[in-house]
Amino acid sequence: MRQLKDSVLRGLLWLSVFLSVAVLVMIVGFIFIKGMNLISFEFIFGDYSPTGGGGIWPMIVTTIYTIVISLVIATPIGILAALYLQEYAKQGRLVKVIRFATESLTGIPSIIYGLFGAVFFVTTLKMGMSIIAASLTLTIIVLPVIIRTTEEALKTVPQSYREGSLALGTTKLQTLYKVILPSAMPGILSGIILSIGRIVGESAAIFLTAGTVAALPESLFSSARTLTVHSYLVTQESGDIELAAAVGIVLIVIILGINISATLISKKLNKATNK
Amino acid sequence: MNILTKVKMGLLMLSLLAVLSACSSNGDSQTQASDGDGSTIAISGSTSVGPLAEKLAAKYTEQDNSNIEINQIGSSAGITNAINGVSEIGMSSRDLKEEEQASGLQEVVIAYDGIVVVTHPSNKVKNLSLEQVKQIFTGEVTNWKELGGDDLEIVVVSREDGSGSRDAFQEIVEYSSGELVKSSIIASGNGNIKTTVANNKHAVGFISFEYIDETISTIDIDGVKATAENVLAQKYRLSRPFLFVYKEGELTEAGQKFIDFILSEDGQLIAAEAGAIPVK
Amino acid sequence: MSIQTNSVEIGKSNKRKYLLEKISSKLFLICALLSVISLLLIIGFVFYKGSHPFIVEGYSFIDFIFGTDWVPSEDKFGIFPMIVASILATIGALIIGVPVGLFTAIFLAEIASKRLAKIISPAIQLLAGIPSVLYGVFGLAIIVPFLQNTFGLVKGQSLLAVILVLAIMMLPTIVTVAETAIRAVPNTYREGSLALGVSQIGTIFKVVVPAAKSGIMTAIVLGLGRAIGETMAVILVAGNSLIVPTSLTDSVRPLTTNIALEMGYAAGTHQEMLFATGIVLFSFILILNFVLAKISAKGGN
């Protein structure tokens, strides 16, 4: 009887893992099979054409803009915030409040960020539907990611480093800058890379704040379309699954690249710091 | 070890920056090429007018050095944007409502469009009266059998509340949003309606003429085929204007020139090629 | 003389250093407070916009929550069908996603060889990184026609399609978090149990899983959060009908898709009502976060 139960459970375990892997293979396989025909140099680097057959370069540029701008703002703020929480703050009520806020931000669905961005950045601050409005919205979305990962990285820096440095007469600031930050760098970097992934994958929040203009952005105040939004719109507006899948391939390759470089960088840097 | 780490980090950051700046500067130079007198015409509105406007803009900017920014956000939002001055020109695929006209909007008909009722290619029903169309969309008729087709349940596919196509369709067929059968699928675009209907033998929906292709079957209304000629001859009743609207006195010279281009022979030819119905 | 100037200079530079320290610690504090400010801004704006119709324009909040008619052009705003749809879709996704995800996590942590786990785990993490839109495209192109043809449905866009897409989307979150939790269970637990003659499977389900309970709960709540907040994937497969679903085959409109679908078109009261929809969604998430905080507090003890 017990053996039967054991084998049933064991069977279920195998079944589950089979299902999970099958789903993965199906989704990635579907996207590649459907979209592969469209992938070409022209498709990736060509300008968008409303009559069809054009490329997705404007969307790639827009995606890069949103990544760079939101990271340029979110990274320093996130790192400094984490430094405060880990190195300066006394563990009191204030820290609790900040932690709670950070946690809550992580849990908010992106559509709510989109609503907020649409009313705050787009309308109240009069930025209009634009790259800058979308990037600022994304900044808030990735801020908790960077704070969290940086905090984790700071926790792993041995206390002896701090004590050693301070004992040599350096100030706290110098210790932070010269000793603590460099040793926490791999963790911080992986946080940044995670954020890039989040930005690349985001759609709902960008859809409501950057608009849908399918052209190379003129300035940061231009409305524009990122890759994910493009993939959504071609599915929705023209029903072109193949095109959506082709954009999907580009997205998956980017995500894969990000994941791999994250692993490589943290491995390399870990080696360097452990020497 | 610190120096090694730093050097590596530095190199990494540098290469990242180099790649990024290469990308963005590339983008800049491309936009600047098409940016002669630096004027930008901001247009927003109907997702049905949008594709046509994009094609017109693409042709227009080949000759003229202005920038045209087209945001497809729906008729109502486009009209609101034109009233608030967020966009210079709003695109609408339905007639203006009274309160919208009252806020001092000017309208230009840039083309006409037909709306066609579509079904799965296997559907035997090829002709309906407007009354029957209304009965389908309000849920009075729920099976194709009642209309001379196979014994299949009807699945209604409609656009979302606020869509210009839906407003225009409902006005002509004469039913209100509240009467629309509640279980209908709501799709947020012509393309989505088309794919839904193309993949479902129960389904019926309505799309703009521009989107007609062989994946779906079109329905005649009272025996009149859905063609541009029939719309112009005013025989086919499911049609509506494609409008550009702007606030009186706030149209820039560049905007006026773009509208002139659209109404010119060349512009109207592009409209016809895109599947819309020329004004003249 | 020279000694004196030196000490003065040191004093000066110390003062400067001290000032710098002070300024920088304040700057750090401000950065840390930014997340609090953002949260307050988000809550403030969404609630301000969303509560406007009820406070100023005299709409009834009860009618909003329990009303079954949503016809913005006729001034009818009832989101009951969407609340039901969101709850059912989330529960359905949990029923499928949790066992599959949990069992996969157990398999990877306890049964799979190191090599196998090293291949599968990162692959599943990749699944977490795929943009949600692509899940929607997959759902629309594969799951919807599959349901339609296999079960002879009149339409594939249905609650069931939403549940399947959400279950797939929550899988990677559940697997990754639960796997970490299970791996964190000390080996002595397993050895003790095995030494008592309990089988490997018995050990896993009677000893290891209970020991990793709080981590597993966290995984489930996180997966839940992902499901209830998902928008763009759902919009493509839900059908977005405005009915209170009574069966798995009814097409539905969850709260999130109502916002994304109509935000572009909305103005005035209609737009504010979409923010109000956001408030309801927000409340669900806040409750979830609260539960999550409770769980992790328990786990901490």
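## Helix α10 of chain A

In this predicted model, A:Leu227, A:Thr228, A:Val229, A:His230, A:Ser231, A:Tyr232, A:Leu233, A:Val234, A:Thr235, A:Gln236 and A:Glu237 are the buried residues of α10(A). Because eleven of the twelve residues of α10(A) are buried, this helix is largely enclosed by the rest of the structure.

Helix α10 of chain A runs over residues 227–238, and its twelve residues, at 1.5 Å a residue, should span 16 Å, which agrees with the 16 Å that separates its end C-alpha atoms. Just after α10(A), the backbone at A:Gly239 adopts a positive phi of about 65 degrees.

## Annotated transmembrane regions of chain A

An unreviewed UniProt entry carries the annotation "transmembrane region" for residues 12–36, 56–85, 97–121, 127–147, 179–200 and 243–265 of chain A. Among these spans, residues 12–36 of chain A are 96% helix and 0% strand in the model, with end C-alpha atoms 35 Å apart, while residues 243–265 of chain A are 100% helix and 0% strand, with end C-alpha atoms 33 Å apart.

## Helix packing in chain C

Two packed helices are described by the angle between their axes and the distance between the axes. In chain C, helix α3 (residues 80–111) packs with helix α9 (residues 213–229) at an angle of about 140 degrees, and their axes are 10 Å apart; α3(C) and α9(C) are therefore oblique to each other, and their crossing is right-handed.

On the α3(C) side, the residues that meet α9(C) include C:Ser86, C:Ala93, C:Gly97 and C:Gly101, and the α9(C) residues in this contact include C:Ile216, C:Ile220, C:Gly223 and C:Ala227.

How values were computed: Residues numbered from 1 in each chain as written. Chains lettered and ligands numbered in written order. Predicted model: local features only at pLDDT ≥ 70, side-chain atom pairs only at ≥ 80, totals over all residues. Helix = DSSP H or I, 4+ residues; strand = E, 2+ residues; numbered from the N terminus. Expected span 1.5 Å × (residues − 1). Buried ≥ 20, exposed ≤ 12 C-beta atoms within 10 Å, placed from the backbone. UniProt positions renumbered as here; feature names shortened; annotations may be inferred. Axes fitted to C-alpha atoms, helices over the stretch in contact; angles between N-to-C directions. Parallel < 35°, antiparallel > 145°, perpendicular 65-115°, else oblique. Left-handed = near helix turned anticlockwise from the far one by under 90°. Contact = placed C-beta atoms within 7 Å.
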